[in-house]
Amino acid sequence: MNQTSKDSAATEGAGVKAKAAAGGSPIKNWKVNHKGMDKADFLRSILYNLEYNISKDRLSNTPYDQFLSLSYALRERIIERWISTSQKYKAENAKRVYYLSMEFLMGRLLGDNLMNLGMTEASVDAVRELGLDLEEMIDQESDAGLGNGGLGRLAACYLDSMATLKLPSMGYGIRYEFGIFNQRIENGFQQEVPEQWLQHRNPWEIERPEYKVTVRFYGRTMQYQDKNGKNCINWVDTEKVMAMPYDIPIPGFGVNNVNTLRLWSARSAEEFNLQYFNNGDYIGACQDKFMSENISKILYPNDNNVSGKELRLKQQFFFSSASLQDIIRRYLQTNIDFRAFADKVAIQLNDTHPSIAIPELMRLFIDEHGMGWDEAWEIVQKTFAYTNHTLMPEALEKWSVGLMTHLLPRHIEIIYDINAVFLRQVSYKFPGDIDRLRRMSIIEEGDDKQVRMAYLAIVASHSINGVSALHSELLSSGLVKDFYEMWPERFNNKTNGITQRRWLYKANPSLRGLITGKIGDGWATDLYKLKSLEKLADDKAFRKEWADAKLAAKKAFIDKIYKWEGIKIDPNSMFDVQVKRMHEYKRQLLNVLHCIALYNKIKSGDTKNFAPRTVMFAGKAAPGYYMAKLIIKFINNVAGIINNDPSTKGLLRVHFLPNYRVSLAESVIPAADLSEQISTAGTEASGTGNMKFALNGALTIGTMDGANVEMHEEIGDKNIFIFGLRTNEVEDLHRRGYNPWDFYNNSETLKHVIDLISSGYFSPEDTGMFNPIYDTLLRNGDRFLVMADFDAYIKCQEDVSACYRNQDEWTKKSILNVANMGKFSSDRAIAEYAKDIWGVKGTDVKLDI
């Protein structure tokens with residue numbers, strides 16, 4: 001901005017304050033430029049939206065009104081680019097990627113959108129003229145918690161990268177009214193509270209009723225012949241639900257491309273039954289509305305009962321069917337038939353949840369558009385690609401044939417037809433191998449026949465990828481080995497990545513400023529450019545600046561966590577952090593056992609050369625996951641004992657941070673010194689938290705699991721702390737017969753820790769409270785080898801402490817971690833998907849000036 005513009009903005013700011021004090025409108029004589037990108041234009045837009053969109057003045061507005069007025073002003077600038085992007089993609093009839101995911105853990109959008117449009121500085125200056133603070137305005141926004149953890153956050157990172165790489169693409173999901181629950185800790189126990197991200201107006205979404213579609217359930221199928229004598233199937237007597245689309249813009253960083261996340265909300269096809277109402281049945285008059293809208297009411301309903309399972313399958317089909325109908329509608333706007341469908345449409349299934357889309361696309365092609373089976377199946381296989389996200393056999397989704405027959409009678413017929421064609425192919429390639437046919441069948445035989453949805457996804461997709469090198473190897477050699485032997489060419493690896501723009505550029509301003517000041521900001525779109533930091537790692541002055549930047553991030557987090565939760569933390573201690581979904585395979589239990597071992601060490605007087613630590617946990621347990629919820633209680637009880645013991649002061653603190661969410665992650669990850677990535681080898685598909693921590697300069701303690709393996713390769717053995725059994729050693733131990741008692745009896749440190757638990761030391765009010773943990777570790781087989789890895793973990797933690805005491809060495813390792821994170825950008829991952837799987841190229845969008 002030139003000096004004249006700056007003076008004008010300052011004058012307007014002063015005029016705003018003066019007129020506000022008098023209760024008048026400050027903008028009646030202004031010309032508002034809704035496209036302007038400088039401070040003066042943005043200031044005018046904010047005030048315009050406050051008055052004419054929100055209908056408030058400077059005397060009556062609330063903090064949320066201020067957030068809305070800023071968001072609407074920004075949205076005006078996004079919409080111009082959004083429309084231009086849509087027009088460009090349509091004009092070029094570009095091939096598009098459609099990313100289907102049950103989860104999109106978007107978090108807050110205001111800060112990201114300001115960053116991507118390059119308007120953060122202008123917004124800071126504009127709101128300051130109004131006497132406001134940008135960070136406080138950003139804090140007004142609720143986290144859009146439309147996901148459970150890593151799967152949904154990965155999807156959000158990928159949307160950001162697709163837009164930044166200018167790829168014609170679109171995300172599809174569900175507009176859950178209640179996202180992932182808010183977590184409260186009461187007396188150490190997790191309490192779930194409904195998350196209401198939509199209780200206030202959402203400035204980012206735009207309802208699109210003109211594109212609503214009908215989704216059908218239940219009914220029966222009926223055969224008939226058309227006028228040409230062709231045998232056809234009609235799905236009749238169905239219940240109908242309307243799918244209402246809501247669009248959220250996804251702007252790319254530093255580009256004009258703005259892609260779309262379309263979320264579907266369930267609406268009743270018959271909102272109100274007047275006949276019931278007139279007969280006095282007021283509840284019955286609205287029953288259809290209530291039942292229909294339940295579909296998009298809540299993220300992941302409890303599926304421990306029949307009705308819960310049915311609702312879960314309904315959700316998956318609801319958004320899959322709506323999305324496919326929308327994809328076909330858009331395709332037919334620029335194409336006269338379906339011959340080019342696979343050349344113009346790529347559909348990526350983010351895990352098995354949307355795999356019901358496969359028989360639905362077959363149904364739409366065959367039943368609705370009159371296509372032959374062979375032609376439809378060929379197009380389907382060329383269109384779909386499938387990403388697997390698990391190594392747990394029990395996590396491979398299955399649905400009862402009975403339930404699917406009841407809910408989706410046409411689709412179970414199509415699945416059986418697909419299975420028949422597939423098994424014929426298997427029998428040709430492996431003649432006489434009856435057991436292989438049984439193992440590979442999409443239908444699992446038994447008293448309660450099941451549809452194996454992962455197998456359906458593999459059979460129908462031209463590409464199947466894992467999400468880390470180790471995961472992909474274990475998929476092809478173990479979990480779905482039979483399918484790899486059938487189609488080795490379909491299998492590939494696409495190691496997960498994260499967007500450096502949210503997780504470093506935005507989340508860590510102190511480190512961003514230091515890095516950019518030294519090597520420029522090119523790393524924001526090419527993370528490999530961080531490699532230039534390597535040569536600075538030996539510069540003592542730079543190491544001092546780096547340590548100062550890390551301390552600034554710690555202090556920023558300390559201020560926030562005190563404001564949010566009233567927790568006080570010592571910035572001079574090591575921040576030892578494990579934040580992720582609560583699950584036994586992620587081994588939060590191993591971490592808390594180490595906390596107890598440290599406590600025992602302090603109590604024994606062995607505090608010489610003790611590196612002070614603040615150990616932080618955060619994560620939500622699924623409401624029905626008893627053991628994970630008990631571990632949360634255990635962590636809190638251990639924290640209570642340790643933190644209230646005077647002997648631990650200045651040496652050890654343990655905290656469980658409630659209600660882990662994206663905005664909390666953006667604060668704690670930049671502050672971390674040590675990142676705990678300690679899952680049992682062979683259980684974590686990839687992980688992305690490990691990448692976020694390392695990108696912010698935290699050192700990793702971890703097993704050779706998931707993407708830790710590749711991080712170890714990139715960062716180097718000297719700059720990461722690796723411990724524990726490798727995947728082959730885990731398998732070998734189980735084959736030989738694992739006995740956790742052997743490790744208990746051979747380790748005095750472990751024995752002391754376990755004995756304290758069994759004695760009721762951490763639950764004096766109920767000495768048997770944690771017996772299930774004791775039983776899990778010793779009596780029930782210790783499935784995730786906590787006991788087996790304990791001593792190696794303790795030894796590795798001693799190495800961590802020794803290194804941390806040498807702050808100069810620690811800081812050098814921190815720099816080298818960041819310098820070698822180039823591979824782990826979501827931009828790299830999406831570029832590989834685009835080239836190897838989707839066949840999609842970037843489309844540049846120009847704005848009319």
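In this predicted model, helix H27, which covers residues 708-715, is largely enclosed by the rest of the structure, because 6 of its 8 residues are buried. The buried residues of H27 are Asn708, Val709, Glu710, Met711, His712 and Ile715. After the helix comes Gly716, a residue with a positive phi near 100°.

Helix H7, made up of the 15 residues 150-164, is likewise mostly covered, with 14 of these 15 residues buried. From its first C-alpha to its last, H7 reaches 21 Å, which is close to the 21 Å expected at 1.5 Å a residue. The residue Lys166, which follows H7, has a positive phi near 65°.

Among the strands, S9 (residues 220-225) and S10 (residues 231-236) pair in the antiparallel sense, and 6 bridges link them. Within this pairing, Gln223 stands opposite Ile233 in S10. The hairpin that the two strands form has 5 residues between them, and in this hairpin Gly229 takes a positive phi near 80°.

A disulfide is a covalent bond between the sulfur atoms of two cysteines. When the whole structure is searched, 0 disulfides are found. Cys803, for instance, is in no disulfide, and the nearest cysteine sulfur, which belongs to Cys796, is 11 Å away. For Cys595, the closest cysteine sulfur is also that of Cys796, and the distance of 15 Å is too far for a bond, since a disulfide requires the two sulfur atoms to lie within 2.5 Å. Cys595 is buried, with a relative accessible area of 0%, and Cys803 is buried as well, with a relative accessible area of 6%.

Key. Residues numbered from 1 in each chain as written. Predicted model: local features only at pLDDT ≥ 70, side-chain atom pairs only at ≥ 80, totals over all residues. Heavy atoms only, no water. Buried < 20%, exposed > 50% of the residue type's maximum accessible area, 1.4 Å probe, protein only. Helix = DSSP H or I, 4+ residues; strand = E, 2+ residues; numbered from the N terminus. Expected span 1.5 Å × (residues − 1). Pairing = 2+ DSSP bridges.
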